[in-house]
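Have a look at the model first, then work through the points below.

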Amino acid sequence: MKPETTAAGAPTSASGKGRIELQHVSKGYGEAWERQEVVSDVSLEIAPGKLTAVVGPSGCGKSTLVNLVAGFESPESGRILLNGRPVGGPSHERMVVFQETALMPWLTTYQNIVFGPRIRGDMPKKALHEEAVKLLDKVGLSEFKDKYPIQLSGGMQRRAELARAIINRPKLLIMDEPFRGLDAMTRELMQEFFLRLFEENRRTNLFVTSEIEEAIILADHLVILSNRPARVREVIDIDLPRPREFAMLGSREAYQYKRAALELLHEEAMKSFSEQQSVQAGLIEAISSRGS
Amino acid sequence: MAVAASGTGASGGGLRRLRWSALKRNAKLWRGAAAIALTLVLWECGSRASQQLGMQLPFIGLIPPPTAVLAAWAEVIPQFGYWESWYLSFKRVLAGFLSAMVVGIPFGLLLAVSRYCREIFFPPFEVLRPIPPLAWVPASLIFWPTNELSIAFVTFLGAFFTIVINVLGGARSIDIRLLRAAQSMGATKWDMFWRIVLPASLPSIFTGAAVGMGITWEVVLAAEMISGGGTQGGGGLGFFIWNSYMGGSLEQIVVGMFSIGIAGYLSSSAIRYLGDRCMPWRRLF
């Protein structure tokens, strides 16, 4: 891969390295009497130039966390800071790569990629075009620049979406289970592609996933969330050397990380499972006692 | 290999293969044509069977055979009145349809975008929507000064409700991730509407248009049959059929029916064509 540079020729390294801090962030839904807390007192630091992966049992509030950091929703209490300044609403400083694909179906790959800078008008036309061409080349979609998203394969759509996010030069890239729904083969290729992309520029990255191995091979820090409402259960520092290779998943260290993470996740999953069981048991009891 | 060695054999085979593939490419067309031809033959035999069998077949025996219909058609084609019927019906359909589009699309989008407007306008809209267009005829005859205007109004209503409900539904079901992605990239309200909501609603706008066009034809023809042939608000293909019925010409009734079929087909083809032109990303499969 060719090193990425801005149109002016200066390396982009500085633009992609924001520091995110979550301080006692909580979020719930519903009125007071039926309030459901989804995120509870989460404090977390996403270090600049590092990839922080977040894993948790399904339905634990990962997506809400993404929405909070992206600014689609605001926390009820606590603060979210980007480089020391509290974040407001959505901004291209914090770009999200969504689950499945969120490319505009009516725009071609090229039009999708230049969408952000074009509507903001914050980049000279020629520079934008050059940057888009460069990014298309980097994600291997030069030949597909005039195709519509429906004509691209799943893997191509994800790469186009990555390019669309990167061209906005976000200080933080947020990935919300970005490779979900891809077949196993494509998924592994995308992980490898993304790994190279990250290691080249080291943009600060918040990577939400439900796949442990994906998290371990990509992450510098692995955040394990508790069962709903989401709390930070543990942060594991992954000390595998970079550049990473997939073969490292077979190493003793990786195995230990995986064991530790799975144990915590299993515990949390069991909690939610037994909670459901006790609710069910209570319900059955209530119904049967009514009958007698 | 042997075929490749003899030049003429190879080119002959190639040519044959070429013709065969061209035929296969048009297979859809051929099948369609064959089905229509078969229907016509069965119809002809069915309605002429009475002469051979000495008794009429049920249903089909009453209908004039296609040859007789074609003869009747050939008779009316040079007549000015026939083409005037086409012109009058098309004029009414287009007037009603276009006005419904012009009012309905912005209204539907407004309801979709603004919660305030939805809360105010949607309830009365939903009360008026189930009223069939033809139930509006008496009221509109009293309300509007001319028959022509009342027909136009009723036609407008027929398409209007369908278009609004389709546009509203389409614009309200836009994938939230598209809206959020645009928000992150700094889209203003203006961008949101013109670059996301409008293109994302196009498919449902065209669905609404296609359904609305069908309703418009129904309403126009019914209205033409009711109003009869006068100087005002009369004529049209609907009246053509009614007139043939009064005159007892079975052949002309069928001619009128097929004329409407062709007119409807032309209208919906036009909408499909426009839809394909406006939404290139949708005709890729």
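Glu93(A) and Lys171(A) make a salt bridge, their closest N and O atoms being 2.9 Å apart; the term means a side-chain nitrogen of Lys or Arg within 4 Å of a carboxyl oxygen of Asp or Glu. The model is a predicted one, with local features needing pLDDT of at least 70 and side-chain atom pairs counting only at pLDDT 80 or more, while totals for chains, interfaces and linings use all residues. Residues are numbered from 1 along each chain as its sequence is written, chains are lettered from A in the order in which they are written, and side-chain values use heavy atoms, with hydrogens and water left out.

**Salt bridges**

- The Glu93(A)–Lys171(A) pair ties together distant parts of the chain, 78 residues apart: Glu93(A) sits in the loop between β5 (85-86) and β6, and Lys171(A) in the loop between α4 (154-166) and β7. Helices (H or I, at least four residues) and strands (E, at least two) are DSSP runs, numbered from the N terminus.
- Lys171(A) is partly exposed, at 25% relative accessibility; buried means under 20% relative accessible area, exposed over 50%, and partly exposed in between (1.4 Å probe, protein chains only).
- Over all chains, the whole structure has 28 salt bridges.
- In chain B, Arg129(B) pairs with Glu126(B) at 2.6 Å, N to O. Arg129(B) is partly exposed at 33%, and Glu126(B) is partly exposed at 27%.
- Asp191(B) bridges to Arg195(B), with 3.5 Å between the closest N and O atoms. The two lie in helix α10 of chain B, four residues apart, about one turn of the helix. Asp191(B) is buried at 9%, whereas Arg195(B) is partly exposed at 35%.
- Shared partners join Arg196(A), Glu199(A), Asp220(A) and Arg242(A) into one salt-bridge network.

**The two domains of chain A**

- Chain A is assigned domain 1 (20-93 + 173-284) and domain 2 (104-169), with bounds from an automatic or database domain assignment.
- Their C-alpha centres lie 27 Å apart, and the contact (heavy atoms within 4.5 Å) takes 14 residues from domain 1 and 13 residues from domain 2.
- About 1,100 Å² is buried between these domains, with carbon and sulfur atoms giving 72%; buried area is the accessible area (1.4 Å probe) that two parts lose on being put together, summed over both.
- One salt bridge is found across this domain interface.

**Where chain A meets chain B**

- Chain A puts 26 residues into the contact and chain B puts in 19 residues.
- The chains bury about 2,100 Å² between them, 71% of it on carbon and sulfur atoms.
- How many salt bridges are counted between chain A and chain B? The count is one, and Arg180(B) pairs with Glu73(A), the closest N and O atoms being 4.0 Å apart.
- On the side of chain A that touches chain B, α2(A) gives the largest share, four residues.

**The nonpolar core**

- The largest nonpolar core has 147 residues, and Leu22(A), Met104(A), Leu162(A) and Leu222(A) touch the most other members. Such a core is a set of buried Ala, Val, Leu, Ile, Met, Phe, Trp, Tyr and Cys residues joined through side-chain atoms within 4.5 Å.
- Helix α10 (residues 189-227) of chain B gives the most to this core, 12 residues.
- Domain 1 and domain 2 of chain A both supply residues to this core, so it lies between them.
- Beyond its neighbours within four places in sequence, Met104(A) has contacts that include Phe115(A), Pro149(A), Leu178(B) and Ile196(B).
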